[in-house]
Amino acid sequence: MAYATTNPFTEEQVKVFPSPTDAQVDAALDKGHAAFKKWKNTTFAERARVLQKAADLLRANVDEYSKLLTLEMGKLYAEAKAETELSAAIFEYYAVNAERLLAPEVLPLASVKEGRAKIVFEAQGILLAIEPWNFPYYQVARIIAPQLSAGNVVILKHASNVPQCAAAMEKLMHDAGLLEGGFQNLYPTRDQLAKIIADIRVRGVALTGSEGAGAKVASEAGLALKKCTMELGGSDALIVLNDADIEKAAKWAVYGRHWNGGQVCVNAKRMIVEDGVYDKFVELYRKGISELRMGDPMDPATTLPPLSSRGAVDGLKQQVADAVAQGAKAEEIPLEMPNKGCFFRPVILSHLEEGNPARHTEFFGPVTMLFRAKDADHAIEIANDSPYGLGGSIFTKNEERGAELARRIDTGMVYINHPTMVKADLPFGGVKRSGFGRELLGLGLKEFVNAKLIDIVDIDAPF
């Protein structure tokens, strides 16, 4: 795999990065293990100081960091700044809360003679983070912030098209005062990646990416008896009930589907609308999409950026063609498109009958699947007819009923009257083919620590 910066707006290759030698990979593992032996014994206060400094540096240099996001993956500059701030907020969250979240848990016991038992949470070693290109800082922050605060150390293998963002994150942690080897960025080959996973000093693997990549890495981790967390694809349902505020629901649906160019695992990819408001919703939704503007992602007037690569454009076109070949109807929204760049006009797919494989496909870009539901029960049935189970949302004026219906959706997250969000103080993760494990908050913090029982028992207590 080639690690290279290619501007999605100009399609110009800016810089290429070589993969390390095998000796350099070995040296990185040695350095990481040496760092762990020191870092695990640091105080929470010292770890918090480093994390808070990282947050401060991101905020102080927000323009510099954000421009790099836009350069490498085409993100709107305003969204790049929001991602940089979100990453800072994650570092700050753990700087403030990690010690409390990892405090020992005292266990109540039925008899004094049974002992004084507690669970302590201890770091384990090197973790490997394999991260995607669509949120080059946020994805990294949400694994390294909790794991560094727990006393682990991390090696990063980032996506091949955001190598400068990966290097920027490594420099950020160095500048924040993290000890050498505490967080290392590598550009490994596939064979080298397998070698890292198999190394006994690597105690876990966190991956965010495609199903295919997740299956391969999880298999390799399993063979090496390593714990892993997988955040994979998604095809979130956005359900609109008859009693919803249709204008606001349509506005949020346009945003929920098209933010980050429609390249988010928790984009609202499937609009499931109850029959009584279907026609009105589609009218407003189509109008909202038609008001999007393609262009230079650095231009504040642009609201729909290019896709991340030419390959992404070609792949999405083929997915739409396959859906149409199986009976779907495709409506392209005729936005004015620049004569350069990796752009893709938004498409609305309808008439997706049950036999059409597209119903179970993730479209990673501005393609909407549209479904008419007979009633709320039918809407839930359609929502659950997916191999994915990441996020989802329900729009209704009856919030309590919305919450009850949310319990019936087989996903890791459901929002009422809002598309799925990403925040520093909300957990993230899914079920089914969307993966397993959780990131952020205490859930993410404890994914790769050893929950060790220590029990002080009366020597005369019965066995």
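Strand E11, residues 268-274, is mostly covered: seven of its seven residues are buried, where buried means under 20% relative accessible area, exposed over 50% and partly exposed in between, with a 1.4 Å probe and protein chains only. Helices (H or I, at least four residues) and strands (E, at least two) are DSSP runs, numbered from the N terminus. The model is a predicted one, in which local features need pLDDT of at least 70 and side-chain atom pairs count only at pLDDT 80 or more, while totals for chains, interfaces and linings use all residues. Residues are numbered from 1 along each chain as its sequence is written, and side-chain values use heavy atoms, with hydrogens and water left out.

Which strands pair with E11 in the parallel sense? One is strand E10, residues 236-240, joined to E11 by five parallel bridges; two strands pair if DSSP finds at least two bridges between them. Within this pairing, Ile239 stands opposite Ile272 of E11. Strand E14, residues 367-373, also pairs with E11 in the parallel sense, again over five bridges, and there Glu274 has Ala373 of E14 as its bridge partner.

Six strands form an open sheet in the order E7-E6-E5-E8-E9-E19, and its pairing is mixed. At the edges stand strand E7 (183-186) and strand E19 (435-436); each has a single partner strand, so one side of each is left without a neighbour in the sheet. Inside the order, strand E5 (residues 126-130) and strand E8 (residues 202-208) pair in the parallel sense over five bridges. Leu127 has Gly204 in E8 as its bridge partner.

The other open sheet has three strands, in the order E3-E4-E20, with antiparallel pairing. Strand E3 (105-107) and strand E20 (450-456) are its edge strands, each pairing on one side only. On average, neighbouring strands of this sheet are turned by 25 degrees against each other, direction ignored; for such angles, axes are lines fitted to C-alpha atoms, for helices over the stretch in contact, and angles run from 0 to 180 degrees between N-to-C directions. E3 and strand E4 (residues 116-122) run antiparallel and are joined by three bridges. Leu107 stands opposite Ala117 in E4.

Next, the aromatic side chains. Rings of Phe, Tyr and Trp (its six-membered ring) pair if their centres lie within 6.5 Å, and planes under 30 degrees apart count as stacked, over 60 as edge-to-face and the rest as tilted. By this rule there are 11 aromatic pairs. Tyr93 and Tyr94 form an edge-to-face pair, at 5.1 Å centre to centre and with 85 degrees between the planes. Tyr93 has a relative accessibility of 15% and therefore counts as buried; Tyr94, at 1%, counts as buried too. The ring centres of Tyr255 and Trp259 are 6.3 Å apart and the planes stand at 10 degrees, so this pair is stacked. Are these two residues buried or partly exposed? Tyr255 is partly exposed at 43%, whereas Trp259 is buried at 12%.

Arg47 lies over the face of Phe44, at 5.1 Å from the ring centre, and Lys227 over that of Phe448, at 5.9 Å.

Finally, the cysteines. How many disulfides does the model contain? With a disulfide taken as a pair of cysteine sulfur atoms within 2.5 Å, the count is zero. For Cys228, the nearest cysteine sulfur is that of Cys265, 17 Å away. Cys228 is buried, with a relative accessible area of 13%, and Cys265 is buried at 8%.

Note on methods. Lys NZ or Arg CZ within 6 Å of the ring centre and 35° of its normal.
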